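Me: I am new to this structure and would be grateful for a close look at a single part of it. Please give the answer as one connected account.

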Amino acid sequence: MLDIQNLSRSCNEVLILSTLSSGPHHGYQLAIEIEEESGGAFRFRHGTLYPILHKLENDGLIQGDWLDEEGQRKRKSYRLTAAGRDRLSLQILEWSQFFERFFNIVVEAKQ
Amino acid sequence: MKRFAHVLNAARGQLKIPEPSRTRVLLEMASDLEDSYQFHLSQGCDETEAVRRAEEAFGTSEEALKHLTRIHESSLGGMQDRLSGQIGTAWEKLILLAIVAFEILATVKIVSHQAFFMFLSPFLWPIAALALAALVFTAWKLYQIFGRRGSDVRQIRSGLGALLFFAGASLAVTGCGFLFHLQRFFRHNWESAPDSLFVNFAGWMATMSFMMILGLMLAMLTALFWFVLLHLAARTERREIEALLGTEA
């Protein structure tokens with residue numbers, strides 16, 4: 001069940017985990033992709049990403065490695081771990097239930 | 001990448017975590033800032049504008065840095081970093097070197113002792129294999145740090161935990177070996193020589209102690225290698241970030 005007090009943190013987590021489910025990304029790339037995919041609705045200051053990424057990494061949900069991309073600088077690239085994939089599935093379910101209940105209340109109020 | 005030195009220096013001042021963790025966070029920030037800068041250049045901005053936009057998009061808040069501090073303070077990596085950061089002065093380095101040298105000499109002394117070969121337990125082979133693996137791994141890491149040109153400072157740290165695994169495994173094999181031979185000793189001596197059990201046991205302990213001391217020494221030596229490499233990795237990372245920040249000594 002989603003904790004209403006930590007909705008913003010949980011939202012950031014699920015956004016990052018779902019973006020990483022498509023493949024490894026580095027920090028800057030993650031911020032840009034989330035912003036583009038959401039049409040600018042979710043805009044991260046890149047510097048604010050680090051606490052979220054490092055927390056997820058400490059929890060074993062993502063893994064960060066310094067990778068050597070051909071002809072480019074080394075970058076810290078994050079990928080989803082098996083535990084991260086499980087957490088993502090759970091979070092998607094929790095968010096679906098959350099929005100279902102939320103709209104039940106909102107739509108009822110409108111009628 | 002010195003163009004972002006003031007942003008990174010400001011973040012460095014606010015991150016109250018052990019130096020090795022702080023250096024790694026700053027290296028990551030520097031890399032992302034550079035990516036952002038390159039992106040804005042590719043969009044047609046001039047250099048000054050690209051730097052301004054990269055800094056604007058970056059925007060670490062005080063709250064974010066405090067959060068980052070809390071995460072790294074409580075992590076296992078943070079604890080390791082506090083440990084490796086304790087070797088700073090020349091005296092501390094000298095003492096560490098003396099301990100390593102003593103450990104190596106004591107291990108060689110045990111192995112070269114005649115009594116060591118009187119009882120060669122089969123458990124010695126896995127202990128020797130673990131020690132050899134630790135030695136090869138340490139030599140490879142030292143080569144990465146000192147010998148190989150173009151080796152990446154960010155990858156020096158990778159896999160260092162394997163040394164702790166070797167040390168733990170060495171201890172576990174030594175413990176298992178001791179228990180195995182202990183139960184064998186009592187099984188053989190309990191009925192055949194109950195009167196001289198304790199005399200025989202003292203003799204058995206003297207023979208066994210070589211294997212046990214060797215196992216413990218090798219485990220300690222492996223753990224010391226891990227500690228030294230952790231310290232060297234932290235020092236190399238610190239030099240890299242100091243070059244980026246323009247604060248080299």
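Reply: The model is predicted, with pLDDT of at least 70 required for local features and 80 or more for side-chain atom pairs, while totals for chains, interfaces and linings use all residues. Residues are numbered from 1 along each chain as written, chains are lettered from A and ligands numbered from 1 in the order written, and side-chain values use heavy atoms, without hydrogens or water.

The secondary structure of chain B consists of 9 helices and 0 strands (DSSP runs of H or I with at least four residues, and of E with at least two, numbered from the N terminus). Starting at the N terminus, the order of its elements is α-α-α-α-α-α-α-α-α. Chain B has 249 residues, of which 44% are buried (under 20% relative accessible area; exposed is over 50% and partly exposed in between, with a 1.4 Å probe and protein chains only). Cys176(B) has a relative accessible area of 46%, and therefore counts as partly exposed. Over all chains of the structure, 0 disulfides are found (cysteine sulfur pairs within 2.5 Å).

The contacts of chain B span its sequence: when residues at least 6 apart are considered, 77% of the contacts join residues at least 24 apart (heavy atoms within 4.5 Å).

Chain B also meets chain A, and 26 residues of chain B and 20 residues of chain A take part in the contact. Together the two chains bury about 2100 Å², with 58% of this on carbon and sulfur atoms (accessible area lost on being put together, with a 1.4 Å probe, summed over both). The interface of chain A and chain B holds 1 salt bridge (a Lys or Arg side-chain nitrogen within 4 Å of an Asp or Glu carboxyl oxygen). A salt bridge links the side chain of Glu28(B) to that of Lys76(A), with an N to O distance of 3.9 Å.

Chain A exposes about 6500 Å², with 51% supplied by carbon and sulfur atoms.

Key: Accessible areas come from the Shrake-Rupley method with a 1.4 Å probe; for residues, only the protein chains shown count as cover.
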